[in-house]
Amino acid sequence: MGYPFQEIEAKWQAYWQKEQTFKAVQPSDLPKYYILDMFPYPSGAGLHVGHPLGYIASDIFARYKRHKGFNVLHPQGYDSFGLPAEQYAIQTGQHPAVTTEENIQRYREQLDRMGFSFDWSREVRTSNPDYYRWTQWIFIQLFESYYCTEQNKARSIKELIEIFEKAGSDGLQGREELDKQSFSAADWKSFSAAEQEEILQKFRLTYLAETEVNWCPELGTVLANDEIINGVSERGGYPVTKKKMKQWIMRISTYAERLLSGLDGIDWPEPLKEMQRNWIGKSTGATVFFPLEDHPESIEVFTTRPDTIFGVTFMTLAPEHPLVNQITTDAQRQAVTAYQEQTAQRSERERMADTKTISGVFTGAYALHPFTQQQIPIWIGDYVLADYGTGAVMAVPCGDQRDYDFAKHFEIPIVNIFEQTDISEAAFTEKGGKVSLQESDFLNGLTYTDAMPRVIEALEEAGVGRGTINYRLRDAVFSRQRYWGEPIPIYYVNGVPQTIALEYLPLQLPEVDQYLPTPEGAPPLGNATQWAWDTRSNEVVETSLIDHQSVFPLELNTMPGWAGSSWYFYRYMDPKNSEHFVSAEAADYWQDVDLYLGGREHATGHLLYSRFWQKFLFDRKWLPVEEYAKKLINQGMILGSTAFVHRIEGTQHYVSADALAEHKTQPIRVDVSLVNAQDEILVSDLQQWQPQFAEATFEAPQGKLKVSREVEKMSKSKYNVVNPDAICDRYGADTLRLYEMFLGPLEQAKPWNTAGISGVHNFLNKVYRLYFKDDLWQVNTDQADPKALKSFHATLKKVTEDIEQFSFNTCVSALMICVNDLSSLNCNQKEILEPLAVLLSPFAPHLAEELWSRLGHSGSIARIPFPEFNPDYLVETEKNYPVSFNGKMRFQLTLAADLDKKAIEEAVLANEQTLKYVDGKPIKKVIVVPGKIINIVI
């Protein structure tokens, strides 16, 4: 009979909730430790067994840290704005807030069942107006700030305005944002509000700009690059096209170098840091200007190899480059337009990944070489991206394979500028080395190392270029054309954006009749009848009252999903504060997140944007540290074991998986919950499950069909989801927690196998039987067996070390070995079983609480000091010696471990068994190796 886990778990979950056992206090004299999980989006499907993996790991560590005397902050909340609830609203008409609330309740029930030690008093929801008031506040602060390159930090836009008022554009000499624009202080003061704002928009950290965006017609919104996979939307798999739109944009690019260098100071997984480094994409080279023939403009190019400038034989522009339409000749117009339309159907990722297709069109226009003035034909090609660098490439086919292939394909001349190299079959792509340049004018005879500074110097002297550091990181599009997101707190006066005064936040979402874009193509907020700002009453009024005198239109876009998640870790520190997003006192006490757990898939989304916001808020002195998470762990994924039935191709006839060699079949996924432990599914269950099987025929002896298995990502669409509720019902939450940790190292992916969970459940039953015999309490106060003490303290040492290394699978394994040892020793002494309960507490908290209570303690085990390892118990006091005669082992003899060689020999010779084997024969020699062997030669 198993232990009563359902009764125990319900009892202690109710106790924790009533007593608020895990509520963090501040300030405190205890050292702080802040443990955070990436908060979940509450989807309608609820949690499957793969979701809690990181939560269980963080909870083990949070409980351990409480036992170690830390004031632990371990909060939880919901990233509750998102597309799924809006899509459901479009389909059903149900308000996303209603759907979200229902989903949150479901999540909360599931999370509570698993015994997580969250401080629920600090719960946050990004869709709560009290929360997104502060997201809007941060947006306004970004709008009211610019990046000062002299001080290398963000400053108030008011300081920039003061510079312009005192010295005009001369106050910011060398800033590229002004784009050669020059104005005096008097000019600035004479500019209209719109003219001033046009200049300030070039500096604000969030700004309006017309830009080419990823437009998903099916979702009716713009998507960020990280929300697109293989040319389709991550959500729904819908086609994505390019479209020019006026958007709010975050100037994250100004923080590129700090985002890059900051990675060196945080303990985050190296693969993830490398992903961010690559996304930021720092490269050193030169900006070169190629004047256009018969046109006043120049083409700006960034290249990491300006030393190869004399090898340029053509230029390639991105099809979206703003100059393309201006320079294209009439003769090439049709071909260029067709190519542009074709390219617009492909995402940037598709274009970057496709290295085999060679395509492009000649514009009919020419640039001039900045040194030789020779004509250079200008092409467009989709391998050049408008958003990377300048959207233009100086093509050097002798030194770049893609340029080489392009030139060969379109029969463009190739000039070899590398001495003693053969480019008849491929480009010469070595960088550096001892290869010298030829056909390169003043660079002839120079190697890469010497040519680089020389050519940059020449470019700068001639005024046709400069040395440059470039970043791949682009400014982030912030607008989303959807309803269920934070309203952007902006209204427009004659087209000029104005922020809503801070005291009137939050600007709350209006009610709308439908959640689709308007018939005119405006975002869903365009359907609101009350969505205008009255500057007299400072409130939202009916849209029909817009008069552009005192009542103005409000922004129709909403914020992206990453807005609310870019600062939530600080709201947990001070969730009820109505005056600040976090008080200085709370921020100074908690400082930052000590341990952050979440998936690597957020590397170039949430984890990058949140670092950007953190650095901005640090610059403006609202936060005390520049990075918000000291340590990050990317937990692996629990994979599902998908089940397939097999249909003979072209028929509706199904055969068992063990008959596949005889037929050509198509695998069809089926619900794993219908499959038994022998990988069989009842035909009757299959026919009831989905209509497609009702009229099918089956080769199924005894009405059972054998399925095949494949390990895949656990997903509702793959029918391989395992519900944690079912595991908790059958085995208990403690079993689920232990099993997920036992599956393997935290950071690695591992397949789920429900069949293996019974072994972990048996382990907990064995723990229970150490304390109870036939449901009767059997713990006593007798002195513990030294062997039991040794086993326990060896385990305590191992578990303590491994918890600190987040090696939870080996912790569980060590606990299992220890409990087996204690069981074989019939250990029931309080001296061991009391600290064992504490040792078990982080992993199986419900059972540990019950055992602690039965041991006579009141209150919770949660903050009881962790047991202290005593090395004395591991010191060997006895040694078991194999005793051999003429090299053959005959018996074993246990002696004190500290005996010397002479004492060991005396003891063995006096032993009765020795006398028996000697049998009166003379002993020639006694060989003793202390601590190892005894051999008697007779």
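Reader: How many salt bridges turn up in a search of the whole structure?
Author: The search finds 39, where a salt bridge means a side-chain nitrogen of Lys or Arg within 4 Å of a carboxyl oxygen of Asp or Glu. This is a predicted model, so local features need pLDDT of at least 70 and side-chain atom pairs pLDDT 80 or more, while totals for chains, interfaces and linings use all residues. Residues are numbered from 1 along each chain as its sequence is written, and side-chain values use heavy atoms, leaving out hydrogens and water.

Reader: What makes arginine 346 and aspartate 382 a salt bridge?
Author: Their side chains meet with N to O at 2.8 Å, and the limit is 4 Å, so the pair counts. Arginine 346 sits in the loop between helix H12 (330-343) and helix H13 (348-353), and aspartate 382 in the loop between strand E14 (375-380) and strand E15 (392-395), so parts 36 residues apart in sequence get tied together. Helices (H or I, at least four residues) and strands (E, at least two) are DSSP runs, numbered from the N terminus.

Reader: And are these two buried or exposed?
Author: Both arginine 346 and aspartate 382 are buried. That word means under 20% relative accessible area, with exposed being over 50% and partly exposed in between (1.4 Å probe, protein chains only).

Reader: How do you know that glutamate 626 and lysine 615 pair up?
Author: Their closest N and O atoms are 3.3 Å apart, which is inside the salt-bridge limit of 4 Å. Glutamate 626 is in the loop between helix H18 (606-619) and strand E24 (632-634), and lysine 615 is in helix H18, eleven residues away. Both also belong to a salt-bridge network with Arg258, Arg611, Asp619 and Glu627.

Reader: What separates lysine 797 and glutamate 801 in helix H23?
Author: About one helical turn, because they are four residues apart in helix H23 (residues 786-804). Lysine 797 and glutamate 801 form a salt bridge, with their closest N and O atoms 2.9 Å apart. At 34%, lysine 797 is partly exposed, and glutamate 801, at 40%, is partly exposed too.

Reader: Why is aspartate 898 called exposed?
Author: Its relative accessibility is 69%, so it counts as exposed. Aspartate 898 lies in the loop between strand E36 (888-896) and helix H27 (901-909).

Reader: What kind of charge is found in the surface patch with Asp898, Asp900, Glu905 and Glu906?
Author: Negative charge: these four gather on the surface, and Asp and Glu count as negative, Lys and Arg as positive, with His and the chain ends not counted. A patch is made of residues with over 30% relative accessible area and no salt bridge; like charges are joined within 9 Å, and nonpolar side chains (Val, Leu, Ile, Met, Phe, Trp, Tyr) within 5 Å.

Reader: How do you know whether phenylalanine 772 is buried or exposed?
Author: At 4% relative accessibility, phenylalanine 772 counts as buried. It is in strand E33 (residues 772-773). Leaving aside residues up to four places away in sequence, phenylalanine 772 touches Trp777, Gln778, Leu851 and Arg854, where contact means heavy atoms within 4.5 Å.

Reader: How much of the whole protein is buried?
Author: Of the 938 residues, 53% are buried. The protein has 28 helices and 38 strands, and its C-alpha atoms fill a box of roughly 120 × 75 × 75 Å along the principal axes.

How values were computed. Areas by Shrake-Rupley, 256 points an atom, 1.4 Å probe, with all protein chains shown as cover. Charge placed at Lys NZ, Arg CZ, Asp CG, Glu CD.
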